[in-house]
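Subject: Structure handover

Hello,

Here is the structure I promised to pass on. Please open it and keep it beside this email as you read.

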2 protein chains.
Amino acid sequence: MDFTEATTVVPDGGRYAAAVAEGWDILGNANGGYLLAMAARAMADAAGRPDPVTITAHYLAPGRPGPVTIDPVVVKEGRTFTTVRASLASPERPLLELVGTFGDVADRDGMPERVDGGPPDLPSRQDCTPRDAPGEAPAFMSKVELLLHPDDRGFATGAKSGLPRMRGWFGWPDGSDVDTFGLLVAADAFPPTIFNTHLPVGWTPTVELTVHVRGRPAPGPLACSFTTRFVTGGFLEEDGEVWDATGRLVAQSRQLALLPRG
Amino acid sequence: MDFTEATTVVPDGGRYAAAVAEGWDILGNANGGYLLAMAARAMADAAGRPDPVTITAHYLAPGRPGPVTIDPVVVKEGRTFTTVRASLASPERPLLELVGTFGDVADRDGMPERVDGGPPDLPSRQDCTPRDAPGEAPAFMSKVELLLHPDDRGFATGAKSGLPRMRGWFGWPDGSDVDTFGLLVAADAFPPTIFNTHLPVGWTPTVELTVHVRGRPAPGPLACSFTTRFVTGGFLEEDGEVWDATGRLVAQSRQLALLPRG
């Protein structure tokens, strides 16, 4: 089931019905960016705006395949933006609590720009590498095309770089265009940065993820970069940048993840 | 009226009553970090947890002096953290929509750390400078002690550095300790980074502000740094770091601000 189908939301008397699809998970837990994108679709529909401009989710419980509901509430409808809060819940429990501001991200093209930085320096897609050996990939990795910079794949081969960094290409396996909701998946699809350090950490659950969408991506693969500067106080941040094929920053993300105890 | 008094929230049948105090404004608009701290106090009280761990506010309308209400709703009570959503509203309209996760930030001391970076290189407080000439400061500047790095005060003297950066010391005027709610004010108290660039921008309204609290500050002044890398698509981010007097990162922030047209 492709991204569009797997994030379809159906209006149902003020709420939206959806289903967490099979295969969008890592070890049984639905990918956080996928759940975010699903919620964002319902929130954008409720807002009557095409794009998430900035959206934050707090992750309350893991998502499993099966039905969920999303109940967006418009809290402010402005001239240019509409702000919506929502929760995404399974029949058993709330999974995500969200707030987002929606608008048209192409609306403000032509404003003054000042960019300090550029896309990550990636080898061609042919010279980047899937995360896992064939047959060993989590199901989620068949839903996205994620090709890692060879220098950042050491966690999988036992040759860690020591640097909390993940860079690579993101797209859909069928080559279709990534829209502004797909950017929310790109922002949480890469392996944790900390896997490439020598800290003994096997997983880092997301507490909170915020994505700022800066533009609608041009067709073509997205160059992504994720870094961590501060593992401290039992938490770490992951800062993400997503650049489109024309070299334009289309999304910036930050998540707060928990460093689990021993 | 000092910070503690100006952010007092009074439980009132599931809601909390508070008042935007006189003097916590810039040109009549209450400071965004101050409103965030006020809402966070009510949310933490509802959660029964001492500290904001990560909190996000979307700014819907400017806050004016006078009564407000905050209506926190606990959405998930976990073993270590409690997640709460809330809105902060004047009698006329909603001002902030929020979601936050609360806990005890000292709870996770002693976990592995890996820190890439350190406090900004600031001259002593004696060699830093208030934002404005005496008598010209916005009222808010009497509520905080904010001393700018001389290199970042060019916007006020006509000698802009050209770099979107603001660094300086933050504290309370009476020298009292800054708690984890005060960190939320520190995260939004400095002049916009973009003032030091040559872009013709007079104000940058905050759309969204997220603060991650990494620790309870030690007594003493806080060294703060704010930078912007991407002015693009009609928006800019401001990334903040707040370091305590022992050289420990105590908060990290990011806001999305709007680049107003012409």
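One term first: a polar contact is a pair of N or O atoms within 3.5 Å, and within protein one must be able to donate a hydrogen and the other to accept it. Keep in mind that this is a predicted model.

**Gln255 of chain A**

Start with Gln255(A). This residue sits in strand β18 of chain A, residues 249-258. Its side chain makes a polar contact of 2.9 Å with the side chain of Asp188(A). Another, of 2.8 Å, goes to the side chain of Thr206(A). Is Gln255(A) buried or exposed? Its relative accessibility is 5%, so Gln255(A) counts as buried. Its contacts, leaving out residues up to four places away in sequence, include Glu208(A), Leu209(A) and Leu236(A). His212(B), from the other chain, is also among them.

**Where the chains meet**

Now look at the two chains together. How many residues of chain B are in contact with chain A? There are 56, and they meet 56 residues of chain A. Together the two chains bury about 5,600 Å². Of that area, 56% is on carbon and sulfur atoms. Which residues of chain B lose the most area to chain A? They are Arg114(B), Arg214(B) and Arg254(B), which together make up 14% of what that side buries.

Eight salt bridges are counted between chain B and chain A. One salt bridge joins the side chains of Glu241(B) and Arg229(A), at 2.7 Å from N to O. Strand β18 of chain B, residues 249-258, gives the largest share of the side that touches chain A: seven residues. That side of chain B divides into 23 nonpolar, 17 polar and 16 charged residues.

Arg85(A) also reaches across. You will find Arg85(A) in strand β8 of chain A, residues 82-89. Its side chain and that of Glu97(B) are joined by a polar contact of 3.4 Å. Not counting residues up to four places away in sequence, Arg85(A) touches Arg85(B) and Glu97(B), and also residues including Met43(A), Asp71(A) and Leu98(A). Its relative accessible area is 19%. Buried means under 20%, so Arg85(A) is buried.

**Helix α2 of chain B**

Helix α2 of chain B covers residues 32-47, which is 16 residues. From its first C-alpha to its last, the helix reaches 22 Å, close to the 22 Å expected at 1.5 Å a residue. Why is α2(B) described as largely enclosed by the rest of the structure? Because 14 of its 16 residues are buried.

Check both ends of the helix. Just after α2(B), Gly48(B) takes a positive phi of about 65 degrees.

Phe3(A) is in helix α1 of chain A, residues 3-6. With a relative accessible area of 5%, Phe3(A) is buried. Phe3(A) and Val185(A) are 182 residues apart along the chain, and their C-alpha atoms are separated by 9.4 Å. Val185(A) is one of the residues that Phe3(A) touches, and Trp24(A), Trp172(A) and Phe181(A) are also among them.

Thr204(B) lies in the loop between α4 (182-186) and β14 (206-213) of chain B. Thr204(B) is buried too, at 10% relative accessible area. Its contacts, apart from residues up to four places away in sequence, are Pro192(B), Ile194(B), Leu236(B), Ala257(B) and Leu258(B). From Thr204(B) to Val74(B) is 130 residues in sequence and 32 Å in space, C-alpha to C-alpha.

**Leu27 in each chain**

Finish with some backbone angles. Most residues other than glycine have a negative phi. Leu27(A) has a positive phi, near 50 degrees. Leu27(B) has a positive phi as well, near 55 degrees. Leu27(A) is in the loop between β3 (25-26) and β4 (29-30) of chain A. Leu27(B) is in the loop between β3 (25-26) and β4 (29-30) of chain B. Leu27(A) is exposed, with a relative accessible area of 82%. Leu27(B), at 81%, counts as exposed.

Best wishes

Terms used: Residues numbered from 1 in each chain as written. Chains lettered and ligands numbered in written order. Predicted model: local features only at pLDDT ≥ 70, side-chain atom pairs only at ≥ 80, totals over all residues. Heavy atoms only, no water. Helix = DSSP H or I, 4+ residues; strand = E, 2+ residues; numbered from the N terminus. Expected span 1.5 Å × (residues − 1). Buried < 20%, exposed > 50% of the residue type's maximum accessible area, 1.4 Å probe, protein only. Contact = heavy atoms within 4.5 Å. Buried area = accessible area lost by both parts, 1.4 Å probe. Salt bridge = Lys/Arg side-chain N within 4 Å of Asp/Glu carboxyl O. Nonpolar A, V, L, I, M, F, W, Y, C, P; charged D, E, K, R; others polar.
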